[in-house]
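Reader: I would like to go through this model contact by contact. Please give the cut-offs as we go.

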Amino acid sequence: MFASPIIVAPMAGGTTTPELALAARGAGAFAYAAGGYRSAESLAEHLAPLRAAGGDFGVNLFVPRSGPLASGDASSLARYRLELAGDAERLGAELPAELPPADGPRARDYWDEKLDLLLHDPVPLVSFTFGLAPEPVVTALRAKGTRVVASVTSVAEALAAAATGVDALVVQHSDAGGHSAAFLPGAERAAPGVAGLVARVRAAVGLPLVGAGGIGDAATAKAVLAAGAEAVQLGTAVLRSDESGARALHKDALADPAYTATGVTRAFTGRAARALVNGFVRDHSANAPHAYPEVHFLTGPLRAAAAAAGDRESVNLWAGTAWQKAAAGPVAGIVEGFLRML
Ligand SMILES: Cc1cc2nc3c(=O)[nH]c(=O)nc-3n(C[C@H](O)[C@H](O)[C@H](O)COP(=O)(O)O)c2cc1C
């Protein structure tokens with residue numbers, strides 16, 4: 001499925017740059033374009049250098065929520081807006097008066113438009129996160145010669161994904177930085193590390209597996225491969241690399257001993273995600289509702305104002321549990337370091 005045992009993760013929000021993907025691939029990794037948070041036009045532009053370079057690569061998309069927000073979550077969202085008013089004032093930002101409608105293209109992350117693009121101008125591989133692509137979408141992509149990959153966080157999710165006809169699974173442990181791929185309630189929070197989760201999924205499904213989450217060194221990568229994965233996916237390990245588009249304040253925070261822990265929080269986007277524990281995480285994790293992408297849109301102006309002011313305590317500093325092992329420098333050196341030791 002994958003020509004390399006090392007995959008550099010798709011990281012939406014500006015972290016995955018074409019330079020990151022191309023340099024990672026040049027060093028022997030499989031690499032992705034990050035399709036999340038982009039319009040179809042922006043994805044086409046982001047993809048152009050990868051298409052021009054030829055060869056194997058993937059595109060990652062977010063699967064939108066189907067249907068409106070549950071009524072309990074809608075009232076929690078209204079309360080959460082009030083809770084954020086003090087932060088907005090402190091940061092000199094305004095909370096958006098209205099959020100994009102749940103059934104509109106923006107809240108659906110331009111799903112239909114991006115699928116159209118990928119069906120009309122196919123790419124070698126498409127992976128999905130935040131849910132399962134419906135079976136007809138999987139079938140249509142495969143009919144174009146595109147390999148299709150689903151992201152899962154539990155055995156139950158792996159079985160559901162396999163039933164849609166995908167070619168492979170990314171098995172993401174909750175040690176992972178950034179958003180959780182979970183889409184069924186009761187994900188296996190108690191699962192041992194990523195190698196243990198891969199072993200459980202390996203016993204349940206026959207598809208090729210990619211292990212992800214908290215892989216910061218070759219020893220962990222080796223254990224994940226030994227547990228039955230054919231590759232490992234690295235996110236946090238390349239966040240500080242030269243080609244990563246992560247903000248300087250994010251890169252600096254990852255290297256700053258003042259940050260001593262990561263935590264899983266819905267405070268920034270309404271979807272569980274692992275980040276360095278800062279003031280915003282401490283203040284708001286308790287009350288943040290299950291409301292993605294509504295909370296993402298609600299906190300957007302706060303995060304932008306905080307980033308512009310260099311305020312690390314109010315932005316999402318996504319990080320997996322192995323963040324202290326993330327090195328600076330060219331991504332090729334990081335990829336080659338892993339490949340040498342496997
Ligand atoms: C900053 C950041 C952004 C991410 N964005 C995406 C994304 O757009 N799509 C996706 O499938 N996974 C995304 N992930 C998760 C990665 O695919 C991967 O599962 C995770 O990084 C692995 O854990 P690690 O960070 O401990 O290496 C992101 C991770 C980080 C750290």
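Reader: At what angle do the axes of helix α3 and α12 cross?

Author: This is a predicted model, in which local features need pLDDT of at least 70 and side-chain atom pairs count only at pLDDT 80 or more, while totals for chains, interfaces and linings use all residues. Residues are numbered from 1 along each chain as its sequence is written, and side-chain values use heavy atoms, with hydrogens and water left out. Helices (H or I, at least four residues) and strands (E, at least two) are DSSP runs numbered from the N terminus, and axes are lines fitted to C-alpha atoms, for helices over the stretch in contact, with angles from 0 to 180 degrees between N-to-C directions. The axes of α3 (residues 71-83) and α12 come within 11 Å and cross at roughly 10°.

Reader: Which class of orientation does that give α3 and α12?

Author: Angles under 35 degrees count as roughly parallel, over 145 as roughly antiparallel, 65 to 115 as roughly perpendicular and the rest as oblique. The crossing is at roughly 10°, so α3 and α12 are roughly parallel.

Reader: Which residues of α3 and α12 make the contact?

Author: Contact means heavy atoms within 4.5 Å. On the α12 side the residues are E294, V295 and L298, and on the α3 side they are L77, Y80 and R81.

Reader: How is α2 oriented relative to α5?

Author: The axes of α2 (residues 40-53) and α5 (residues 111-120) come within 8 Å and cross at roughly 40°. That angle makes α2, relative to α5, oblique.

Reader: How many residues of the contact of α2 with α5 are charged?

Author: A40, L43, A44 and L47 of α2 meet E113, K114, L117 and L118 of α5. Ala, Val, Leu, Ile, Met, Phe, Trp, Tyr, Cys and Pro count as nonpolar, Asp, Glu, Lys and Arg as charged, and the others, Gly among them, as polar. The contact has 6 nonpolar residues, no polar ones, and charged residues numbering 2.
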